[in-house]
Amino acid sequence: MRRKITSLTVLAALVATLLFALPLGFAVWQYYHDDAKGDLERAADAAALAVSGDLNAGRRPTVPPLDEEDDEAAGEVGIYAPDGRLLAGHGPAVAGPVEREAARATTDVVIGREGDEIALAVPVLSGPRVTGVVRAALPLAELRLRIILTLLGMAGLAVATTGVSWLLARRFTTRLVRPLEQLAAAAERLGDGDFTARSPRAGIPEIDQVGETLDATAARIGETLERERAFSAEASHQLRTPLTGLRLQLEAALETPAADPYAAIRAGIASTDRLERTIEDLLALGRERRAPRAELDLDALLEEVRQAGEALLGPQGRTVRILREEPPPAHVAAAAVRQVLGVLLDNAATHGRGTVTVLARDAGDALAIDVADEGPDLGETDPFATTPSGHGIGLRLARSLAEAEGGRLRLSRPDPPTFTLLLPAAPP
């Protein structure tokens, strides 16, 4: 990956340099041609002003001396008669096409290529009459040398730019790839089951965001697995409770063979239905804990609680009472609430006495469901504590389910024992 990113960066720099160098090279060529034309024109004009008096008087002209800098820039200067003879200076003995064009005085400046030189000619006029032609020429080799040296300088600068791009690409690639490698190592540790794996921060917002997401995912997976282990251990208690009741009912029927067997069969079917319903709720709860919550159908839930309470408390000669005091709607998993209420009913049937009252009421920003019975005062006893015999594990499960839904389960009153399930109310 490092080599690929570096290669792409250098390639991008080369392409950008090439796209920039093509028009710049043409601009350099055009600049030197225009500059050479300007130098030749200035030299020719200066010579024309110096020799115009001699030519107009019919005397043989003398080429004026040029400054060293002007002479190097303008090349050679020659004076020609209108008939094409070289009168003074340097140049071909016979005028070329550029000088003949200037002698016709059709234009003020004539420039063109003659042999291996670029020549510029200006006419010297005396009224309408052409008395001579001044020619300034520069070897094309010298012009090409200037262009080539400039292009070589540009090429050297392009090479230096590419080298700097390569160095910067290596540096930034290392800074970019190393955090990704560390992320990959953290992800590999996470895949191996190490949910304590955390990725270091690189100072790059995008990579740090991925690292934070990976860390959060590792923490959630670890918490989920831990919660699932605890949930599996505690849920087994929920399955053992109806199984134990069913076993006791069957054993009681065997010990009293004279009793009506249909009553034992009906009770066994009711316990089997409760067991099946518990299994279905636990499976549904396992799915719903990973799914969006829905609005709770409180009427249907309270009806199920009533039926379950009658089946559970009826054989003991006890009753269940359902009350409503304008309860607000709530967005929770129905299976979780059903299991919590099932635990509270089972707790009331096992440890409580008398009528069990289930009250759904408005608790401000929460839906409150109270489950109370007429049992003895709990005093300072912690009903959620797990004893060595296993008592309290169902209430612990119910509390963990309530907290998983964003709610709370607490003992709101020890005498008479009243457990309150608080669920966050749905926003209006």
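Colleague: How many residues are in the largest nonpolar core?
Modeller: That core has 34 residues in this predicted model. V337, L341, L409 and L421 are those with the most contacts inside it.

Colleague: Which elements give two or more residues to this core?
Modeller: Three helices are on the list, namely helix 7 (298-313), helix 8 (334-351) and helix 9 (393-404). Strand 9 (356-362), strand 10 (366-372) and strand 12 (418-424) are on it too. Helix 8 brings the largest share, 8 residues.

Colleague: And what does L341 touch, leaving out residues up to four places away in sequence?
Modeller: L341 makes contact with L301, V305, I369, V371 and L421.

Colleague: What about the second core?
Modeller: That one is separate and has 25 residues, among them Y32, L40, A44 and V51.

Colleague: New topic: how many aromatic pairs does the structure hold?
Modeller: There are 3. One of them is F26 with W29, a stacked pair with 6.1 Å centre to centre and 25° between the planes. Both residues sit in helix 1 (residues 2-57), 3 residues apart, or about one turn of the helix.

Colleague: Is F26 buried or exposed?
Modeller: F26 is exposed, at 54% relative accessible area. W29 counts as partly exposed, at 39%.

Colleague: And why is the pair of F384 and F419 edge-to-face?
Modeller: Because their planes are at 85°, and over 60 counts as edge-to-face. The ring centres are 6.0 Å apart. F384 is in the loop between strand 10 and helix 9, while F419 is in strand 12, 35 residues apart.

Colleague: Are those two buried or exposed?
Modeller: Both F384 and F419 are buried.

Colleague: What lies over the face of F384?
Modeller: R399 does, at 4.5 Å from the ring centre.

How values were computed. Residues are numbered from 1 along each chain as its sequence is written. This is a predicted model: local features need pLDDT of at least 70, side-chain atom pairs count only at pLDDT 80 or more; totals for chains, interfaces and linings use all residues. Side-chain values use heavy atoms; hydrogens and water are left out. A nonpolar core is a set of buried Ala, Val, Leu, Ile, Met, Phe, Trp, Tyr and Cys residues joined through side-chain atoms within 4.5 Å. Buried means under 20% relative accessible area, exposed over 50%, partly exposed in between (1.4 Å probe, protein chains only). Helices (H or I, at least four residues) and strands (E, at least two) are DSSP runs, numbered from the N terminus. Contact means heavy atoms within 4.5 Å. Rings of Phe, Tyr and Trp (its six-membered ring) pair if their centres lie within 6.5 Å; planes under 30 degrees apart count as stacked, over 60 as edge-to-face and the rest as tilted. A charge sits over a ring if NZ of Lys or CZ of Arg is within 6 Å of the ring centre and within 35 degrees of the ring normal.
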